[in-house]
Amino acid sequence: MEAVPRMPMIWLDLKEAGEFAFNAAVKKSAISVPRDFEGCSTLRKYLGQLHFLQSRIPMGNGQDAAVPVTWTEIFSGKAVTHEDIKYEQACVLYNLGALHSMLGAMDKRVSEECAAGAFTYLRDHFPHSYSVDMSHQILSLNINLMLGQAQECLLEKSMLDNRKSFLVARISAQVVDYYKEACRALENSETASLLGKIQKDWKKLVQMKIYYFAAVAHLHMGKQAEEQQKFGERVIYFQSALDKLNEAIKLAKGQPETVQEALRFTMDVIGGKYNSAKKDNDFIYHEAVPALDTLQSVKGAPLVKALPVNPTDPAVTGPDIFAKLVPMAAHEASSLYSEEKAKLLRDVMAKIEAKNEVLDQFMDSMQLDPETVDNLDMYNHIPPVLMEKCAALSVRPDTVRNLVQSMQVLSGVFTDVEASLKEIRDLLEEDEAQERKLQELLGRVPPAPGSPPGLAEVSKECSKYLELHEKASFTNTELHRAMNLHLGNLRLLGGPLEQVRAALPTPTLSEDDKQVLQNLKRILAKVQEMRDQRMSLEQQLREMIQKDDITTSLVTTDRSEMKKLFEEQLKKYDQLKVYLEQNLAAQENVLKALTDANVKYAAVRKALAEVEHKWNTTVQTLVASYEAYEDLMKKSQEGKDFYTDLEGKATKLLERARAACQASEAHRQQLLERELKKQPPPRPTAPKPPLQKKPLELEAGGPEAADLDASLKGKQRMNKQNFLQAQPGEGLRGPRPSDDPLSMLDPLWTLNKA
């Protein structure tokens with residue numbers, strides 16, 4: 001922004017002088033002054049000599065030596081005449097301010113503070129009824145214009161010097177404040193009628209500058225937010241700057257090319273900043289963009305002031321050409337009287353400052369602000385920031401449902417992924433268990449020749465996916481927790497306003513509490529009334545002392561009577577002193593009553609403070625829930641995308657795991673079959689046959705032979721099935737766990753293999 005073209009400035013025309021019986025050479029030099037700083041010096045010298053003349057000769061309004069003074073009124077061009085030397089001084093002061101405004105509007109831009117000082121002195125020390133261009137309204141307008149333009153010059157220098165962004169923003173905000181004051185004066189119907197046709201041109205330029213420098217202020221606040229890495233605030237400040245600049249462009253129609261050029265340059269800067277900031281925040285930082293009214297407003301930094309004017313400064317006025325017209329004794333006596341007045345003012349101000357210090361310390365300790373003691377009215381309305389959120393949700397009735405559905409979809413995908421990963425892990429664990437059993441049976445088993453390391457890769461990839469799932473699970477849990485936290489608030493904001501108002505806490509005060517509150521407010525009003533009255537009396541005293549000039553009386557008074565004259569003249573201040581003493585004496589009683597009222601107010605104050613804290617917390621919570629909605633939707637979509645991708649990978653990995661486990665199982669079966677072939681078949685056993693009888697006995701056909709025959713007939717033929725199914729003690733032995741591990745295999749399958 002340091003290369004931005006300069007905006008044009010408002011400058012004032014000089015008044016034209018008419019008749020005034022004064023030194024011709026001096027008068028002529030003051031009328032036709034050159035338009036440079038030498039001309040300003042000439043006007044200051046002429047003003048000082050007029051002041052010296054006035055202090056010696058009674059040339060004021062209605063005085064004996066008064067002569068006609070004529071000057072042309074700026075806006076109408078009419079000649080205005082007054083028989084008052086102060087009118088001549090006022091017109092010279094006006095021209096001094098106007099000439100400084102001209103010089104300030106030039107490239108050097110260093111003279112607006114002097115112009116503001118001249119107009120301020122003219123407004124504060126001279127009557128406003130001389131002419132329209134020196135009325136109170138016009139002079140106040142000129143002062144604010146000059147101060148605004150002086151601050152604008154300071155802003156240009158600050159940007160050229162690359163000052164800190166926050167400082168530049170505050171300087172620009174103060175430019176806006178000065179121009180707003182000037183705009184209010186221009187919008188006043190009385191001022192508009194006084195200015196005539198130039199009022200519209202000035203008003204249009206000032207309004208355009210208000211929006212333009214507000215845009216500059218928010219541009220540098222955005223830069224400040226960027227430096228602090230507050231990327232959401234950066235976006236809203238740049239957006240606000242862009243909006244205000246667009247308003248300035250609308251108001252700039254018909255303005256000179258220099259204005260259009262400056263606006264185009266600034267639009268390029270602000271537009272580029274906004275687009276870059278928004279893109280970065282949308283794709284990189286993802287910070288929530290706060291509402292502009294939730295951010296702290298930019299307070300202006302008034303770094304310029306109206307430079308004071310001293311008409312009698314010897315360094316400016318030069319030698320007094322009327323030094324011999326008034327006796328030196330009168331000057332000395334006037335100085336003595338001025339010292340008496342200053343002494344009186346110092347005594348009174350010492351008492352006032354002492355009382356004010358006590359009052360300020362007391363009020364600070366009480367921490368009672370009359371404007372916030374009774375804030376019950378705020379509980380009767382929904383705050384505007386909350387109304388905005390309710391209105392926004394009223395046109396989006398599916399907000400809560402969309403959020404819940406999005407989170408449900410996310411939960412479903414999450415569950416599917418978790419099931420797939422669990423199945424993969426179970427397969428791997430089962431395969432590992434089978435592998436351990438095989439090693440217990442056969443010892444360390446070499447891997448199959450040419451077999452791919454499928455299970456190792458599956459296990460490694462599964463571990464990676466499990467780690468990702470575990471990390472994302474925490475995020476998913478936090479997201480669900482956040483949704484549950486804000487869901488109720490979103491339903492409340494989307495519901496009827498009566499429910500929102502009912503959800504906000506309200507204080508409950510008894511009649512006694514209300515009476516205590518009213519009593520405290522009444523006493524606080526008394527304190528403020530006492531302050532205002534004290535300030536008014538002080539101002540009256542200062543004005544009386546400033547206007548009290550007894551030079552005329554001193555010239556005609558004998559030196560021996562001077563002290564008596566001083567005493568008589570100082571009596572005019574007695575009445576004001578009495579009023580001030582009464583005001584100061586009343587302070588003790590008022591503070592005592594305030595102390596008693598504050599003691600009774602303590603319980604009410606605590607209750608109101610608690611309710612106000614709950615109110616603010618509730619409002620902030622509801623606003624935060626609204627602002628969190630978009631973030632929740634965005635994060636849930638990101639979660640769905642993440643888990644959808646992970647689900648596809650997990651499904652593919654599950655298929656690979658199954659295939660790898662099947663291959664591993666087949667390899668183990670081959671190893672078992674190979675090992676069983678190496679084992680000898682188990683040796684069959686049979687019960688010992690009974691002793692056979694002698695053949696003679698068999699032949700004899702005795703009873704023993706009959707029994708044996710019956711026994712043989714009852715026996716079945718031994719085959720492979722009953723051989724293998726023999727009971728313990730008959731045929732083969734039954735398997736026992738303590739035997740060889742291979743005996744655990746199927747006996748029939750073992751025999752066939754043998």
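Is Ser131 buried or exposed? At 7% relative accessibility, Ser131 is buried. Buried means under 20% relative accessible area, exposed over 50%, and partly exposed in between (1.4 Å probe, protein chains only).

This is a predicted model: local features need pLDDT of at least 70, side-chain atom pairs count only at pLDDT 80 or more, and totals for chains, interfaces and linings use all residues. Residues are numbered from 1 along each chain as its sequence is written, and side-chain values use heavy atoms, leaving out hydrogens and water.

**View 1. Ser131 sits in the loop between helix H4 (112–125) and helix H5 (136–160).** Helices are DSSP runs (H or I, at least four residues), numbered from the N terminus. Ser131 is in contact with Lys15, Glu73 and Val80, leaving aside neighbours within four places in sequence. Contact means heavy atoms within 4.5 Å.

**View 2. Helix H2 (residues 37–54) packs with helix H3 (residues 85–105) at an angle of about 165°.** Their axes are 10 Å apart. H2 is therefore roughly antiparallel to H3 (angles over 145 degrees, on a scale from 0 to 180 between N-to-C directions). Axes are lines fitted to C-alpha atoms, for helices over the stretch in contact.

**View 3. Residues of H2 meet residues of H3.** Among them are Phe37, Leu43 and Leu50 in H2, and Ile85, Val92 and Leu99 in H3.

**View 4. Cys153 and Cys183 are both buried.** Cys153 has a relative accessible area of 12%. Cys183 has 6% relative accessibility. The count of disulfides is zero, where a disulfide is a pair of cysteine sulfur atoms within 2.5 Å.

Notes:
Helix = DSSP H or I, 4+ residues; strand = E, 2+ residues; numbered from the N terminus. Parallel < 35°, antiparallel > 145°, perpendicular 65-115°, else oblique.
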